[in-house]
Amino acid sequence: MAALRNQSEHRLEGILEKAGLLQELTDREAAFLLGLQSRDDLDKLFRTARSLRERFFGNKIFLYGFIYLSTWCRNNCTFCYYRKSNSKSVRYRKTAEEVLDAAARLAASGVHLIDLTLGEDPYFHNRKEGFQPLIALVHQVKKRTGLPVMISPGVVPGRILQDFATAGADWYACYQETHNERLFAELRLEQSYQQRLASKEEALRCGLLVEEGILTGIGDTESDIMLSLQGMRQLQAQQVRVMSFVPQQGTPLADRETPARIRELKIIAVMRILFPDRLIPASLDVDGVAGLRDRINAGANVVTSIIPPLMGLAGVAQCRRDIDEGNRTVAGVLPFLEEMGLTAATAEEYLSWVEKEKAKLIRLHGTCLSGSNPFSEISHQ
Ligand code: SAM
Ligand code: MD0
Ligand code: SF4
C-alpha cells in the first residue's frame, strides 16, 4: 500500500514539475490529475494552478458584469431553467434602455466587461432582421460604457456573428457543455452538435474572442471531460469554463443531484495547467459568493456573473441567489480577493489583454469584417 502511494506521489510530483516548466502534459497525465483524491494531492494540484496563474496574470483578477437580457428561449435543454417548456421559470425581455442602464451601473461599479446573454429568444432568432436590435444594442453598450462586450446569444448565423463583430463585440460565448456527442444530444435536445461547434470557429474567423465551456455532474465521465479539454485545445478558445450542474425546478433533471464541487475545482485546476495563459472563470452563478474562494484558489482568474441588484435581472444556474442582496457585485467580491492576496485588474489591463488576443486572431485569420462599417466611430476596435 505504502509503496503504491509513494509511486503515485512520485508520479504526481513529476507531472506538476512538468506543468511548472510549461511543458505540455499528455492526456494520461491530465487524466491522472483529474483522478486525484487525497487532500494532500489536491492541495499540490491547486498550488501549482495558482502559481501558473500568477506567472501569467500576477495577482490581478478580471471582473465580468452579466446582463441576462431575455429569458425567453425556443430550445428545450434538459438542464436549463429557461427551457421553452418550463412554465415555472421567470420570463422577461429587457428594453434597450433597461439594458443600457444596467450596463452603465455595472461599468460604474468597476467591472471590466459586459456580458450580454439571452435565451434563443424567438423575438431575435426567428424574425427577419430580428437580430438588428441586438446588434445595435452591442454598439450602444460599448459606446455608453467604453468596455469590451461579450455576446452570448446561442447559435446564430455566420453573417450575424460578423455583424456583432462590426458593431464592436469583442467576445462570443457559446458552451458546448460536453464533447461527447451522445450526451450532447441528451442535453441540448434537437440541437446540432456540429453547428454549435462551427459557430465558434466562425466567430474566431470574424475576429471575435471565444469562450468555450462545459457542464459537469450531468452524466459526464472522466473520459468525457478529457474529450472536452482536447476540444478546447483544438478550438483555441481564449476563455474556458466549467460549471457544476445545478438542478432546476420544473425541468426533467429537477431531481438529479448536484455534483460535489471538488469535481469542478479539479477541472478548473487542470484547465489552468493545460491552458496557463487563458482566462478561466470562477462563476458566481453556481454557489454565489460563498463559492468564490475555492474557485479562485483552484486557479480561476475571472469572476463572472456580477449582476446589478434590484433591476429584475436573473442569473442562469442560480436565477436569484445573492443578486438583490447586492452580494453579486464588485463591492461584494473585492473583500474575498483581498483576503486571498489578490486584487482587481484595471480596465486598461483587461482591455490590453483583449486587444493583444484580438491582434493574434487577425494575424491568424485576417479579418472577415468587410464593407463599410456603420459603427466606425468606436475608438477601440
Ligand atoms: N441561450 C444561450 C446558450 O444556451 O448558449 C446563452 C445562455 S448560456 C450562457 C447558459 C449556460 O449556462 C449554459 O450553456 C450552461 O453552460 C449554463 N447553465 C444553464 N443551466 C445550468 C444549470 N442548471 N446548471 C449549471 N449551469 C447551467
Ligand atoms: C456566468 N451566468 O458567467 C453567467 C453565464 C454567459 N456568457 C455566462 C453562464 O456564470
Ligand atoms: Fe435556451 Fe440556452 Fe437554456 Fe438552452 S441553455 S434552454 S439554449 S437559454
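This tour visits a helix pair and then some aromatic rings. The model is predicted: local features need pLDDT of at least 70, side-chain atom pairs count only at pLDDT 80 or more, and totals for chains, interfaces and linings use all residues. Residues are numbered from 1 along each chain as its sequence is written, and side-chain values use heavy atoms, leaving out hydrogens and water.

**Stop 1: two helices**

Select residues 132-145, helix α6, and residues 158-167, helix α7. Helices here are DSSP runs of H or I, at least four residues, numbered from the N terminus. The axes of α6 and α7 lie 8 Å apart, at an angle of about 25°. Axes are lines fitted to C-alpha atoms over the stretch in contact, and angles run from 0 to 180 degrees between N-to-C directions. The two helices are therefore roughly parallel (angles under 35 degrees).

Now show the side chains. Q132, L134, I135, V138 and H139 in α6 meet I160, D163, F164 and A167 in α7 (contact: heavy atoms within 4.5 Å).

**Stop 2: aromatic rings**

Select F66 and Y68. Their ring centres are 5.9 Å apart and their planes stand at 50°, so the pair is tilted. Rings of Phe, Tyr and Trp (its six-membered ring) pair if their centres lie within 6.5 Å; planes under 30 degrees apart count as stacked, over 60 as edge-to-face and the rest as tilted.

Next, pick Y123 and F124. This pair is edge-to-face, with 5.1 Å between centres and 85° between planes. Is F124 buried or exposed? F124 is buried, at 5% relative accessible area (buried: under 20%; exposed: over 50%; partly exposed: in between; 1.4 Å probe, protein chains only). Y123 is partly exposed, at 34%.

Finish with F57, F62, Y64 and Y350, a cluster linked by ring pairs.

Definitions and conventions:
Chains lettered and ligands numbered in written order. Parallel < 35°, antiparallel > 145°, perpendicular 65-115°, else oblique.
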